[in-house]
Amino acid sequence: GCASRPGMAFTNIIGRKLNREVINLGFSGNALLDLEVAEIMAAIKDPGIYVLDYVPNASPENITEKGENFFRILRNAHPDVPVIFLEDPVFPFSYFDQRIKDEIAKKNAAQEDLFRKLSESGEKNIYFLNSSKEIGMDNEATVDGIHFTDLGMVRYTDFILPTLKKVLRNRK
């Protein structure tokens with residue numbers, strides 16, 4: 001939302017670095033695990049990877065109640081497509097705001113619980129990324145403590161790119 005120009009959005013940076021099309025169905029503050037969004041994602045022909053990065057907007061209850069159904073819609077449509085589960089970034093200001101720190105911890109715990117449940121049920125080709133070092137702790141990665149600056153977009157790319165490359169390499 002706060003890149004200085006379209007080319008600095010992390011989706012565009014990732015697309016350039018991978019030489020692949022990247023589709024971001026981000027809905028700003030509305031990424032609430034709506035199953036209709038999963039259906040739209042599932043309708044994409046021949047996806048390479050699904051990255052589930054809804055945690056910053058979803059509540060722990062959303063993740064617990066809808067997360068598995070959301071995943072199943074994708075998995076049923078594309079059984080071999082890798083799925084990456086991301087946590088909410090740990091924002092530097094959360095160290096000074098106990099309510100936010102607790103909220104992030106609860107959301108991330110719900111996401112990790114979902115991943116663990118799917119993994120223990122035998123799901124393959126799923127990945128989990130802990131976000132504790134996603135954007136750094138110097139307060140330079142966001143414009144307001146939450147929304148990424150150009151630097152935040154680059155750090156996000158640097159954080160996720162090694163996993164994307166590994167997963168794509170393994171998919172061939």
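## Helices α1 and α5 and their surroundings

In this predicted model, residues F10, I13, I14, K17 and L18 of α1 meet M153, V154, Y156, T157, I160, L161, L164, K165 and L168 of α5. Sorted by class, the contact of α1 with α5 has 11 nonpolar, one polar and two charged residues.

Two packed helices are described by the angle between their axes and the distance between the axes. Here the axes of α1 and α5 come within 10 Å and cross at roughly 40 degrees. That angle makes α1 oblique to α5. The crossing in which α1 passes α5 is right-handed.

Helix α1 covers residues 10–18, and its buried residues are F10, T11, I13, I14, G15 and L18. The buried residues of α1 pack against α5.

T157 itself lies in α5, which runs over residues 150–171. T157 has a relative accessible area of 0%, and because buried means under 20%, T157 is buried.

### The nonpolar cores

In soluble globular proteins, nonpolar side chains tend to be buried together. The largest nonpolar core of this model has 24 residues. Which of them touch the most other members? They are I14, I84, L86, Y156, I160 and L164. Two or more residues of this core come from each of α1, β2 (83–86), α4 (98–120), β3 (126–129) and α5. The element that gives the most is α5, with eight residues.

I160 shows how these elements are joined around one side chain. Apart from neighbours within four places in sequence, I160 is in contact with I14, V51, L86 and L129. A second, separate core has 23 residues, among them M41, L52, V55 and I126.

Most residues other than glycine have a negative phi, and most peptide bonds are trans. N19 has a positive phi, near 55 degrees, and is not a glycine. The place of N139 is the loop between β3 and α5.

N62 is placed in a helix, α3, which covers residues 60–77. Leaving out neighbours within four places in sequence, the contacts of N62 are L32, L33 and G67.

| Residue | Relative accessibility | Class |
|---|---|---|
| N19 | 73% | N19 exposed |
| N139 | 44% | N139 partly exposed |
| N62 | 16% | N62 buried |

Why does N19 count as exposed? Exposed means over 50% relative accessible area, and N19 is at 73%, so N19 counts as exposed.

Technical notes:
Residues are numbered from 1 along each chain as its sequence is written. This is a predicted model: local features need pLDDT of at least 70, side-chain atom pairs count only at pLDDT 80 or more; totals for chains, interfaces and linings use all residues. Side-chain values use heavy atoms; hydrogens and water are left out. Helices (H or I, at least four residues) and strands (E, at least two) are DSSP runs, numbered from the N terminus. Buried means under 20% relative accessible area, exposed over 50%, partly exposed in between (1.4 Å probe, protein chains only). Contact means heavy atoms within 4.5 Å. Axes are lines fitted to C-alpha atoms, for helices over the stretch in contact, and angles run from 0 to 180 degrees between N-to-C directions. Angles under 35 degrees count as roughly parallel, over 145 as roughly antiparallel, 65 to 115 as roughly perpendicular and the rest as oblique. A crossing is left-handed if the near helix is turned anticlockwise from the far one by less than a right angle, and right-handed if clockwise. Ala, Val, Leu, Ile, Met, Phe, Trp, Tyr, Cys and Pro count as nonpolar, Asp, Glu, Lys and Arg as charged, and the others, Gly among them, as polar. A nonpolar core is a set of buried Ala, Val, Leu, Ile, Met, Phe, Trp, Tyr and Cys residues joined through side-chain atoms within 4.5 Å.
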